[in-house]
Amino acid sequence: MRKLYRSSRDKVFAGVCGGLGDYFGVDPTLLRLIWAALALFSFGTFLILYVIAAVIIPYEGNLP
């Protein structure tokens with residue numbers, strides 16, 4: 001069973017895109033570019049969503 005987590009190995013800020021990339025099997029760099037573009041064009045809404053995701057998604061080192 002796969003679990004969504006924030007990556008401790010592939011992170012730039014909080015590891016959200018690294019964890020999402022591992023979960024969906026997508027390159028985290030592509031996710032970071034898409035997330036940055038959405039944050040710019042949505043006037044910061046996706047930036048707020050990133051912070052919320054960083055708080056909600058558990059850190060990889062804290063998983064059982």
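## Loop between α2 and α3

F43 has its place in the loop between α2 and α3 (helices, H or I, of at least four residues, and strands, E, of at least two, are DSSP runs numbered from the N terminus). The model is a predicted one, in which local features need pLDDT of at least 70 and side-chain atom pairs count only at pLDDT 80 or more, while totals for chains, interfaces and linings use all residues. Residues are numbered from 1 along each chain as its sequence is written, and side-chain values use heavy atoms, with hydrogens and water left out.

F43 is not a glycine, yet its phi is positive, at about 60°. With a relative accessible area of 79%, F43 is exposed (exposed means over 50% relative accessible area, buried under 20%, and partly exposed in between, with a 1.4 Å probe and protein chains only). S42 also lies in the loop between α2 and α3, but S42 is buried, at a relative accessible area of 18%. The S42 side chain has a polar atom 2.6 Å from the backbone oxygen of L38. A polar atom of the S42 side chain also lies 3.4 Å from the backbone nitrogen of F46. Polar contacts are pairs of N or O atoms within 3.5 Å; within protein, one must be able to donate a hydrogen and the other to accept it, and residues adjacent in sequence count only if both atoms are side-chain atoms.

## Salt bridges

How many salt bridges does a search of the whole structure find? The search gives 3 (a salt bridge is a side-chain nitrogen of Lys or Arg within 4 Å of a carboxyl oxygen of Asp or Glu). One of them joins the side chains of R9 and D22, with an N to O distance of 3.8 Å. R9 belongs to the segment before α1 (16-24) and D22 to helix α1, so this pair ties together parts that are 13 residues apart in sequence. R9 is exposed, at 62% relative accessibility, whereas D22 is partly exposed, at 38%. R9 also forms a salt bridge with E60, where the closest N and O atoms are 2.9 Å apart. Here the link runs between distant parts of the chain: R9 is in the segment before α1 and E60 in the segment after α3 (45-56), 51 residues apart.

Another salt bridge is formed by the side chains of R32 and D10, at 3.3 Å from N to O. R32 sits in helix α2 (residues 28-41) and D10 in the segment before α1, so parts 22 residues apart in sequence are tied together. Both partners are partly exposed: R32 has 22% relative accessibility and D10 has 30%. Through shared partners, salt bridges join R9, D22 and E60 into one network.

## R6, a buried arginine

R6 lies in the segment before α1. R6 is buried but has no salt bridge, and the nearest side chain of opposite charge, that of E60, is 9.8 Å away (Lys and Arg count as positive, Asp and Glu as negative; His and the chain ends are not counted). The R6 side chain does reach a backbone atom, the oxygen of I57, at 3.0 Å.

## The largest pocket

Which residues lie nearest the centre of the largest pocket? They are F13, C17, R32, W35 and Y50, out of 14 lining residues. On a 1 Å grid over the protein atoms alone, a pocket is an open set of points where a 1.4 Å probe fits, with protein on both sides within 12 Å along at least five of seven lines; lining residues have an atom within 4 Å of a point. Helices α1, α2 and α3 are the elements that give two or more residues to the lining of the largest pocket. The largest share, 4 residues, comes from α2.

R32, one of the residues nearest the centre of the largest pocket, is also the salt-bridge partner of D10.

## Positions around S8

P58 lies in the segment after α3 and is partly exposed, with a relative accessible area of 36%. P58 and S8 are 50 residues apart in sequence, and their C-alpha atoms are 11 Å apart in space. G19, in helix α1, counts as buried at 1% relative accessibility. From G19 to S8 the separation is 11 residues in sequence and 8.4 Å in space, C-alpha to C-alpha.
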